[in-house]
Amino acid sequence: MSPELDILAPTLSDKIRARHCDRQAVVYVRQSTLRQIEHNRESTRLQYALTDRACQLGWRPEQIVVIDDDLGRSAASALDRPGFQRLVAEVGFGHIGLVLGIEVSRCRFRRNPDRYSDLKPDSIPE
């Protein structure tokens, strides 16, 4: 495992069941601005490297989907993030067993909280 991803190692693998690995794993990659993409290349690299972590947790490479449609898009509104909309839809349909991302503090729809739940482990359908 790469040293940068060691922080993800404790306890996560204990929570993963076969039913999770039967579904896709998603790596959600995002930077807020084009400037961040240009100047924070290490962050982008680390985000893409989460595909390796999904493999280590039991997903086959062909099961891993990278959603990077939102590179250079602000998180101010989910409506302006087609990648995030796709992610929420796939989670809602029960197609996703794992979502990986570096910074997920803004992974929710804030304008309509009754319609969409936060992307937390307890919101993923069994």
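**Entry 1. Surface and model basis**

I began with the surface: the chain exposes about 7,700 Å², of which carbon and sulfur atoms supply 51%. Accessible areas here come from the Shrake-Rupley method with a 1.4 Å probe, and for residues only the protein chains shown count as cover. I note that this is a predicted model, in which local features need pLDDT of at least 70, side-chain atom pairs count only at pLDDT 80 or more, and totals for chains, interfaces and linings use all residues. Residues are numbered from 1 along each chain as its sequence is written, and side-chain values use heavy atoms, with hydrogens and water left out.

I then looked up burial: buried residues make up 33% of the 126 residues in the chain. Buried stands for under 20% relative accessible area, exposed for over 50%, and partly exposed for the range in between (1.4 Å probe, protein chains only).

**Entry 2. Confidence**

I checked pLDDT, the predictor's confidence in each residue on a scale from 0 to 100. The chain has a mean pLDDT of 77, and 70% of its residues reach 70 or more. Confidence in the chain is lowest in helix α1 (residues 12-15), with a mean of 73, and highest in β2, at 96. Over residues 109-126 the pLDDT is below 50, and this stretch has 27 contacts in the model beyond near neighbours in sequence. Where pLDDT is low, the predicted coordinates should not be read in detail.

**Entry 3. Fold and contacts**

I listed six helices and three strands in the chain. Along the sequence they follow the pattern α-α-β-α-α-α-β-α-β. These elements are DSSP runs, numbered from the N terminus: helices are H or I with at least four residues, strands are E with at least two.

For contacts I used heavy atoms within 4.5 Å. Of the contacts in the chain with a separation of 6 or more, 71% are between residues 24 or more positions apart. L50 belongs to helix α5 and is buried, at a relative accessible area of 1%.

**Entry 4. Salt bridges**

I searched the whole structure and found three salt bridges. The criterion is a side-chain nitrogen of Lys or Arg within 4 Å of a carboxyl oxygen of Asp or Glu. Side chains of opposite charge can pair when their charged atoms come close.

- R45 and E42 meet through their side chains at 2.7 Å, N to O. Both lie in helix α4 (residues 41-48), three residues apart, about one turn of the helix. R45 is partly exposed at 39%, and E42 is partly exposed at 43%.
- R60 and E62 form a salt bridge at 2.8 Å, N to O. R60 is partly exposed, with a relative accessible area of 47%, whereas E62 is exposed, at 58%.
- D69 pairs with R86, the closest N and O atoms being 3.7 Å apart. This pair links distant parts of the chain, 17 residues apart: D69 is in the loop between β2 and α6 (82-92), and R86 is in helix α6. D69 is partly exposed at 36%, and R86 also counts as partly exposed, at 36%.

Q63 is located in the loop between α5 (50-56) and β2 (64-67). Is Q63 buried or exposed? I read a relative accessible area of 8%, so Q63 is buried. The Q63 side chain reaches the backbone oxygen of C21 at 2.6 Å. Neighbours within four places in sequence aside, Q63 touches C21, D22, R23, Q24, A25 and G58.

D70 lies in the loop between β2 and α6 and is buried, at 0% relative accessible area. A polar atom of the D70 side chain lies 2.8 Å from the backbone nitrogen of F84. With neighbours within four places set aside, D70 is in contact with Y28, R30, Q31, R81, P82, G83 and F84.

**Entry 5. Cysteines**

I looked for disulfides, taken as pairs of cysteine sulfur atoms within 2.5 Å; the count comes to zero. C21 counts as buried at 18% relative accessibility, whereas C55 counts as partly exposed at 32%.

Key: A polar contact is a pair of N or O atoms within 3.5 Å; within protein, one must be able to donate a hydrogen and the other to accept it, and residues adjacent in sequence count only if both atoms are side-chain atoms.
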